[in-house]
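Colleague: I am new to this one. Could you show me the structure and then take my questions?

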Amino acid sequence: MVAKRTMTLNLTDAEMRVLDELSVRKDITKTAVLRQALRLYQTIDARVDKGEKLLFENEATKEKAELMLL
Amino acid sequence: MTTDVSTIYLLDVATGGSIEAELRDAIEQAQLDDWQVKWQPALLAVLQDLARNGVPMSQWPQSWHWNWAQKTAQVQGLLAFRGFSVVACGETQGLAQVDLRKAGREPSQVGKPLVYLDYLEVAPWNRPELGPAPRMRGVGSALITAAVALSVDEGFKGRLGLHSLPQADAFYRKIGMTDLGQDSAYQNLSYFEMTVEQARAFLEEE
């Protein structure tokens, strides 16, 4: 098991509510939600850095929308 | 990051005894060197035999073209990917790479994060389909156990998903995974999932 460190996180009520909802919906702890978010953000950031775009496609209409990352 | 090493035991097929092995939570240069210098020549010899005997390519080991050096380099530094290796008798006996970004498809766990087993390969000399007798058994199971244990450790409760090469379908059914059928979006390979309950039963058995 990889050693982990502890940190305090300051979130607004709205952010905390979203974290709670995701934790329930995804059946993982709030820590796991944040770790998952970090993995996804790093993955996307690395691909955008390489010049790739992040697109969402509607399966029914095949309509594509680009998600802009700042 | 330091590599976590735990002791596991494999079956020595020749003697029926056990062999002490290391389960490492990384794929490092030593394992890639083994893959290049030991696995590749052994696999090449098998492939030459198959070609000489006129065995059609459809019956060749389906992972023959996998390049572990490339696979490892592509995910270097990314948190979403983790590797495992099994080392025994001074040689790498098996390798696995997992992806932590995928979600479940099985009705009871749709959309819930799981550990997706991207690649799992056992050294050619341990594969019963590639020679008269494998040297060691238990390498594949040890790597699957590591992936399920990672899923538990990550808070995914043991959920595991994978696309199986046809030659491995029976193995994944045997360890209790649910076969969700062929995936047209993934070379028509069968997609398997382990639910929370199946993972619990699997870990109790191991």
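Colleague: Why is B:S190 called buried?

Modeller: B:S190 has a relative accessibility of 10%. Buried means under 20% relative accessible area, exposed means over 50%, and partly exposed lies in between, with a 1.4 Å probe and protein chains only. At 10%, B:S190 therefore counts as buried.

Colleague: Before we go on, what kind of model is this, and how are its parts labelled?

Modeller: This is a predicted model, in which local features need pLDDT of at least 70, side-chain atom pairs count only at pLDDT 80 or more, and totals for chains, interfaces and linings use all residues. Residues are numbered from 1 along each chain as its sequence is written, chains are lettered from A and ligands numbered from 1 in the order in which they are written, and side-chain values use heavy atoms, with hydrogens and water left out.

Colleague: Where does B:S190 lie, and what does B:S190 touch?

Modeller: B:S190 is in strand β9 of chain B, residues 189-194. Strands are DSSP runs of E with at least two residues, helices are runs of H or I with at least four, and both are numbered from the N terminus. Not counting residues up to four places away in sequence, B:S190 touches B:L162, B:H163, B:S164, B:D169, B:D179, B:G181 and B:Q182. Contact means heavy atoms within 4.5 Å.

Colleague: Why is B:N188 called partly exposed?

Modeller: The relative accessibility of B:N188 is 43%.

Colleague: Which residue of chain A has a positive phi, and where does it lie?

Modeller: A:K62 has a phi near 65°, and A:K62 is not glycine. A:K62 lies in the loop between β1 (55-57) and β2 (64-66) of chain A.

Colleague: What makes chain A more spread out than a compact globule?

Modeller: Start with the elements: chain A has 2 helices and 2 strands. Its radius of gyration is 16 Å, well over the 11 Å that the globule rule gives for 70 residues, so chain A is more spread out than a compact globule. The radius is taken over C-alpha atoms, and the rule is 2.2 Å times the number of residues to the power 0.38. The C-alpha trace of chain A spans about 40 × 25 × 25 Å along its principal axes. Of the 70 residues, 11% count as buried.

Colleague: Why is A:T43 called buried?

Modeller: A:T43 has 8% relative accessibility, so A:T43 counts as buried. A:T43 sits in helix α2 of chain A, residues 30-49. A:T43 touches B:A80 and B:R101, leaving out residues up to four places away in sequence.

Colleague: How do you know that the side chain of A:T43 reaches the backbone oxygen of A:R39?

Modeller: The distance is 2.8 Å. A polar contact is a pair of N or O atoms within 3.5 Å; within protein, one must be able to donate a hydrogen and the other to accept it, and residues adjacent in sequence count only if both atoms are side-chain atoms.

Colleague: How do you know that chain B is compact?

Modeller: Chain B has 5 helices and 9 strands. Its radius of gyration is 17 Å, close to the 17 Å from the globule rule for 206 residues, so chain B is as compact as a globular protein of that length. Of the 206 residues of chain B, 51% count as buried.

Colleague: Why is B:V98 called buried?

Modeller: B:V98 has 0% relative accessibility, so B:V98 counts as buried. B:V98 is in strand β4 of chain B, residues 91-99. Beyond four places in sequence, the contacts of B:V98 include B:A80, B:F81 and B:Y116.

Colleague: What makes B:L114 buried?

Modeller: B:L114 has a relative accessible area of 0%, so B:L114 is buried. Among the residues in contact with B:L114, leaving aside neighbours within four places in sequence, are B:F156, B:L160 and B:Y191.
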